[in-house]
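My notes follow the order in which I looked.

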Amino acid sequence: MTRRQRLLATGLEVTVPLLLLVIWGLWSSGSSTYYFPPLTDILSTFADTWLFERVGSDVVPSLVRMGLGFGIAVVVAISAGLLLGLSPRARRAAAPIVEFLRAIPPPALLPFAILVIGVGNSMKVFIIAFVCIWPILLNTIDGVTGVDPTLRDTTRVYGVSKRDRLWRVMLPAASPQIFAGMRTSLSLALILMVISEMVASTNGIGYFVLQSQRTFAIPEMWSGILLLGILGYTLNGAFVLIERRVLRWHRGARASALS
Amino acid sequence: MTTLARSATSRPRSLRVPDWALPWASVVGVLVLFDLLPRIGVLPRDHFPPISEMLSTLVEQLGEASFWEAVGNTLQGWALGLAIAAALAIPIGIVIGSSRILYRAMRAVIEFLRPIPSVALIPLAILIYGTGLESKVFLAAFASFWQLLVATLYGVQDVDPVATDTARSFGFSRIQRLFRVTLPSAIPYIATGLRIASAVSLILTVTAELVIGSAGLGRSINVARSGGNEELMYALIITTGILGVLLNTIFVRAERRVLRWHPSQRPGEAAQ
Amino acid sequence: MLTVDHLGKTYGEGEDAVEAIGDLEFEVLEKEFVCIVGPSGCGKTTLLKCMSGLLTPTRGEVRLHDARIDGPPERMALVFQEYGRSLYPWMSVRQNVAFPLRRKRLAKEEASQLVEQAVEAVDLTGFLDRYPWELSGGMQQRVAIARALAYQPEILLMDEPFASVDAQTRADLEDLILEVRRQYGVTVVFVTHDIDESVYLGDRIVVLTPAPTTVQESLDVDLPTPRDQLETKELPEFARLRAHVYRSIKREQTSAEPERAPA
């Protein structure tokens with residue numbers, strides 16, 4: 001790109017989103033549609049609701065459920081993935097079961113979870129954990145089986161202990177793949193949190209948004225949608241930052257390998 | 001060069017399950033286990049009916065019109081959602097991906113809208129479209145759109161610059177380069193994107209059925225549960241699983257076909 | 001010290017069977033620097049993998065101190081050709097070199113010392129906290145060598161370790177390996193396809209035939225030590241040995257007869 005093009009691109013990058021916001025604001029302020037209140041209304045309702053009145057009652061429970069479910073999934077999936085990655089026979093045995101379970105659309109499992117566990121927090125944590133396991137598990141397995149054969153040979157030649165082999169070689173070697181899986185699971189966690197709260201909850205952001213719709217509190221509903229969008233964006237962004245830090249070695253290694 | 005040098009296992013050969021049989025053995029094992037456990041009371045029978053009962057209910061359902069209606073509704077929502085998403089995302093992705101300036105302009109918007117969980121729009125969908133097919137399709141299409149858009153963008157941008165430069169030196173116009181170089185090289189990415197978008201569309205379809213109550217498997221599952229018909233609930237859940245596996249297999253096969261004839265420039269995963 | 005006893009290795013079965021190694025037999029004495037040379041495709045890497053216990057031979061065996069090698073022996077280290085894929089990219093130089101020492105359960109200070117000494121021996125002291133991708137190819141290979149040295153093996157196997165670096169770096173590395181061998185007193189088995197290198201480095205050269213591989217001949221290198229890149233290579237004896245090895249390999253390649261009697 002020429003210098004002029006680069007300047008144009010950067011300029012557009014900043015102005016286009018702002019422009020779209022302004023257009024939305026203008027279009028909605030004159031609007032009489034009930035379902036699309038003026039942007040200004042939405043923003044002020046947002047401030048009233050989420051800064052910081054309902055943080056304790058809705059945001060915190062939602063995030064806690066999500067965090068617990070995601071955390072459990074990470075621990076279980078990485079451990080299982082490491083073991084399955086190292087044993088071709090275990091992989092073959094587990095394959096049909098894994099393939100089937102992960103293909104079940106998560107919402108179909110909600111009634112099952114409600115039946116067996118009930119409608120409380122543990123049900124939500126369970127379903128989030130159950131769904132989030134699969135991407136991480138499969139990616140961990142991929143990461144382990146894809147470890148460079150020379151690296152494996154080196155590890156064998158130097159007689160590295162089984163423990164070290166698992167935690168200090170296989171785990172770091174697979175970590176780029178693991179992080180990719182975790183990123184997918186993170187967005188799944190958010191989705192499942194919202195759905196489970198919409199279907200069976202008395203608090204939480206998902207519950208709030210649906211409830212607002214039912215009681216026709218439209219600006220509140222939009223404020224909730226906005227919050228979820230911000231949440232999705234922030235979580236993803238934070239995760240990317242963490243990933244970048246932890247996987248700095250990986251980017252360096254790839255860059256030098258390609259050059 | 002392989003590095004396997006395992007000494008022979010200490011287990012006598014006659015007891016060792018051969019590799020090819022492993023998957024079957026484990027499936028049979030799991031089925032038997034989950035059939036016995038409820039029967040002997042380890043698992044509560046009202047929550048966990050024996051698998052044989054679940055499966056026999058499923059077989060019964062195959063003769064019921066209501067079952068096929070539900071399956072049809074789900075597939076309808078899935079197909080429409082995916083088709084609309086593809087019809088929008090692929091062209092838009094190609095256009096934005098081909099222009100560096102356009103991409104930079106839209107990048108922030110895409111990056112912000114993409115992580116919005118589409119389920120957050122469920123209430124909005126209810127408001128605007130009610131509780132029928134349109135709601136379902138709207139949600140499925142919205143979610144699949146972003147997956148496919150990003151995949152297309154990535155595919156278009158990942159074209160080997162040497163290939164486009166070569167085409168340009170031969171005097172091909174921009175449009176010609178697009179169709180002859182860029183698109184063919186982007187196809188594997190689009191194929192993968194379609195596979196993922198298909199899964200997403202199915203998830204959102206069933207979600208809409210579950211939460212909003214649109215006709216389909218999701219609703220039927222919930223109805224079965226609240227009606228106390230656990231075997232039916234499980235049978236329908238298994239059905240959605242089978243549906244998921246089938247759809248996934250179709251797309252995986254198609255993706256493999258596409259990759260096979262394609263002079264694959266894809267950066268392979270792992271192994272580095 | 002190390003005995004290769006009628007070693008044979010066949011890959012695959014039935015029709016697709018590939019006999020990489022036919023019948024190999026030779027010995028490596030303590031503190032010797034043995035170079036193994038042969039044409040491409042003569043199973044040099046297979047041989048090294050059998051010697052290091054990474055592969056199980058189909059026939060025969062390899063013995064270290066009269067004990068059969070069944071898996072990677074503790075007193076042995078191996079330096080691979082692809083240094084980039086043999087160093088752990090998420091570990092710094094220091095961590096990479098120290099990693100094999102964990103097995104030995106040494107006191108922290110002792111391990112530290114070994115690491116620092118080894119890194120100094122390969123001239124990379126300032127780079128202890130760098131990461132492999134920050135280093136050049138030659139430097140990475142030196143890290144791999146330092147790692148092998150810190151491990152304090154009795155015998156060091158090297159699989160064409162300098163094949164992937166440029167000529168100048170290769171010369172430096174050749175001198176380096178001679179120096180550390182002198183310093184650490186370790187036995188070295190050095191596989192290479194570079195004839196000059198094998199004559200320059202070795203006390204003895206074992207020439208292999210193409211697959212199915214056997215020993216073509218084994219010859220002593222009677223050049224003065226310490227070797228020098230300029231002086232040693234100007235000696236007539238160097239040229240003679242070089243030519244001899246070259247002819248030996250060439251003869252085997254053009255000959256139709258697969259049977260060779262070991263010299």
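The entries below record what I found.

**Entry 1: Ground rules.** I worked with a predicted model, in which local features need pLDDT of at least 70, side-chain atom pairs count only at pLDDT 80 or more, and totals for chains, interfaces and linings use all residues. Residues are numbered from 1 along each chain as its sequence is written, while chains are lettered from A and ligands numbered from 1 in the order in which they are written.

**Entry 2: Confidence in chain A.** I looked up pLDDT, the predictor's confidence in each residue on a scale from 0 to 100. Chain A has a mean of 89, with 98% of its residues at 70 or more. Within chain A, helix H6 (residues 121-145) has the highest confidence, at 93, and H11(A) the lowest, at a mean of 81. Helices (H or I, at least four residues) and strands (E, at least two) are DSSP runs, numbered from the N terminus.

**Entry 3: Contacts of chain A.** I counted two residues as in contact if their C-beta atoms, placed from the backbone, lie within 7 Å. On that basis, 60 residues of chain A are in contact with 53 residues of chain B. The side of chain A that touches chain B comprises 41 nonpolar, 10 polar and 9 charged residues. For these classes, Ala, Val, Leu, Ile, Met, Phe, Trp, Tyr, Cys and Pro count as nonpolar, Asp, Glu, Lys and Arg as charged, and the others, Gly among them, as polar.

I then turned to chain C, where 21 residues are in contact with 20 residues of chain A. Helices H7 (149-157), H8 (162-199) and H11 (248-258) of chain A each supply at least two residues of that side of chain A. Its classes are 9 nonpolar, 7 polar and 4 charged residues.

**Entry 4: Helices H9 and H10 of chain A.** How do the axes of H9 (residues 205-214) and H10 (residues 218-246) of chain A cross? They come within 8 Å and cross at roughly 150°; axes are lines fitted to C-alpha atoms, for helices over the stretch in contact, and angles run from 0 to 180 degrees between N-to-C directions. H9(A) is therefore roughly antiparallel to H10(A), a term used for angles over 145 degrees. By class, their contact has 7 nonpolar, 3 polar and 1 charged residues. On the H9(A) side I noted A:Ile205, A:Phe208 and A:Val209 among the residues that meet H10(A), where the partners include A:Met221, A:Ile225 and A:Leu228.

**Entry 5: The sheet of chain C.** I found 10 strands in an open sheet of mixed pairing, in the order S5-S4-S1-S2-S10-S9-S3-S8-S7-S6; two strands pair if DSSP finds at least two bridges between them.

S1 (residues 2-11) and S2 (residues 18-28) of chain C pair in the antiparallel sense over 7 bridges, with C:Thr3 as the bridge partner of C:Glu27. Their hairpin has 6 residues between the strands, and C:Gly12 there takes a positive phi near 75°. S2(C) also runs parallel to S10(C), joined by 2 bridges, and C:Asp23 has C:Thr214 as its bridge partner. Likewise parallel are S3 (residues 33-37) and S8 (residues 187-192) of chain C, with 5 bridges; C:Cys35 stands opposite C:Phe190.

**Entry 6: Backbone details in chain C.** Which residues does a cis peptide bond join? It joins C:Thr225 and C:Pro226, with omega about -5°. C:Pro226 lies in the loop between S10 (213-220) and H7 (231-234) of chain C. C:Asp66, a residue other than glycine, has a positive phi near 70° and is found in the loop between S4 (59-64) and S5 of chain C.

Note on methods: Parallel < 35°, antiparallel > 145°, perpendicular 65-115°, else oblique.
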